[in-house]
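Dear colleague,

I am passing on the structure we spoke about, and below it you will find my notes on what turned up when I went through it. Please read them with the model open beside you.

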Amino acid sequence: TCCKMPVEVERKFVCDSDIQGKLKKIGAVCIGQCQFKDQYFDLEDFTLTLRDFWLRKREGHWELKCPASSLTEPEQRAEAMCTNYREVMDLAHIKAEIMGIIENCPGAVEDILDSSQMNQLNSDSKEEMWLKELKLQCFAEYTTTRCSYVLDDGEEGRVRVDLDQADFGYCVGEIEVLVSEGGNMQSAMQRIEMTAEKLGLAGEKIQGKMHVFLQRYRPDHYAQLVCAHVL
Ligand code: V4E
């Protein structure tokens, strides 16, 4: 399914106090600040996240991040500076992907209810039905304040840099390039590394917001993900 969805190649970095000054110096342009609440969902036994699938609702919009055809083995991926995920945004495709992952799937809401029952449901309660049916529960919720920059590095499509501040007290930067699936992943990673170099970033690995959230507030879930080399 969805073989032509864009793949997000990204590298996270530590934000020092002068990061905005450095971004401006290299010609990055601030395209604005926004705030959003994320809720992440999984089964009780972490079926999705243990396979590196991340189902999230951000300000009413669903998204499923799926591991993109990885260049490396899971153990090596955990060590790599860049990550790459295929993003599925369409709810019907998200459901199809999830049903493909979950064993003994009880079937779609549409298969369980007849059409008049379906019509009685408004879209909100339909959504809740779908989550209940698949036994998906929210395991993480946080709000991010994000300042976004774009950089024209002379290549096709821009490099994007996000500076994130999560409401549980954690800051992280992210350099990101979108590649159409089957596109040049190596070149995307080179562009990211080049941008990191221009910003004078050290090559150290940094934890993402989810990593820190789970480590702090969901230690059992966190331990299982580390064990499975997902985090
Ligand atoms: C933990 C995780 C995912 C969920 C969070 O994705 P992330 O890109 O960190 O969130 P955010 O808020 O920046 O989303 P955006 O606005 O960019 O869409 S998706 C994949 N993972 C696993 C993971 C990993 N193993 N290693 C690193 C460095 N990041 C993420």
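Predicted model: local features only at pLDDT ≥ 70, side-chain atom pairs only at ≥ 80, totals over all residues.

Strands β2 (29–42) and β3 (54–58) run antiparallel and are joined by 4 bridges, and within this pairing Q39 stands opposite K57 in β3. Two strands are taken to pair if DSSP finds at least two bridges between them, while the elements themselves are DSSP runs numbered from the N terminus, with helices (H or I) of at least four residues and strands (E) of at least two.

Residues are numbered from 1 along each chain as its sequence is written, and side-chain values use heavy atoms, with hydrogens and water left out.

Strand β1 (residues 6–13) is mostly covered, with 6 of its 8 residues buried; here buried means under 20% relative accessible area, exposed means over 50%, and partly exposed lies in between, computed with a 1.4 Å probe on protein chains only. Strand β1 is joined to β8 (residues 170–180) by 8 bridges, the two running antiparallel, and F13 has G173 as its bridge partner in β8. An antiparallel pairing of 5 bridges also joins β1 to β5 (residues 82–88), where the partner of V7 is R86.

As a general remark, nonpolar side chains tend to be buried together in soluble globular proteins.

The ligand has 19 residues around it, of which R56, K65, E174, K209 and V230 come nearest; a residue is counted as near if one of its heavy atoms lies within 4 Å. These shell residues divide into 5 nonpolar, 1 polar and 13 charged, where Ala, Val, Leu, Ile, Met, Phe, Trp, Tyr, Cys and Pro count as nonpolar, Asp, Glu, Lys and Arg as charged, and the others, Gly among them, as polar. At least two residues of the shell are supplied by each of β1, β2, β3, β5, β8 and α8 (209–217). An oxygen atom of the ligand is 2.8 Å from an N or O atom in the side chain of R56, and the corresponding distances are 2.9 Å for R146 and 3.4 Å for E10. The protein covers 90% of the 640 Å² of accessible area that the ligand has on its own, the areas coming from the Shrake-Rupley method with a 1.4 Å probe.

Which residues other than glycine have a positive phi? One is E59, with phi near 50°, in the loop between β3 and β4 (61–67), and another is K135, with phi near 60°, in the loop between α6 (123–133) and β6. K135 is exposed, with a relative accessible area of 60%.

L91 in helix α3 is partly exposed, with a relative accessible area of 30%, and its C-alpha atom is 6.6 Å from that of W62, 29 residues apart along the chain. M81, in the loop between α2 (74–79) and β5, is partly exposed at 27%, and the C-alpha atoms of M81 and I206, 125 residues apart along the chain, are separated by 8.8 Å.

With best wishes

Methods. Polar contact = N/O pair within 3.5 Å; in protein donor to acceptor, adjacent residues only side chain to side chain.
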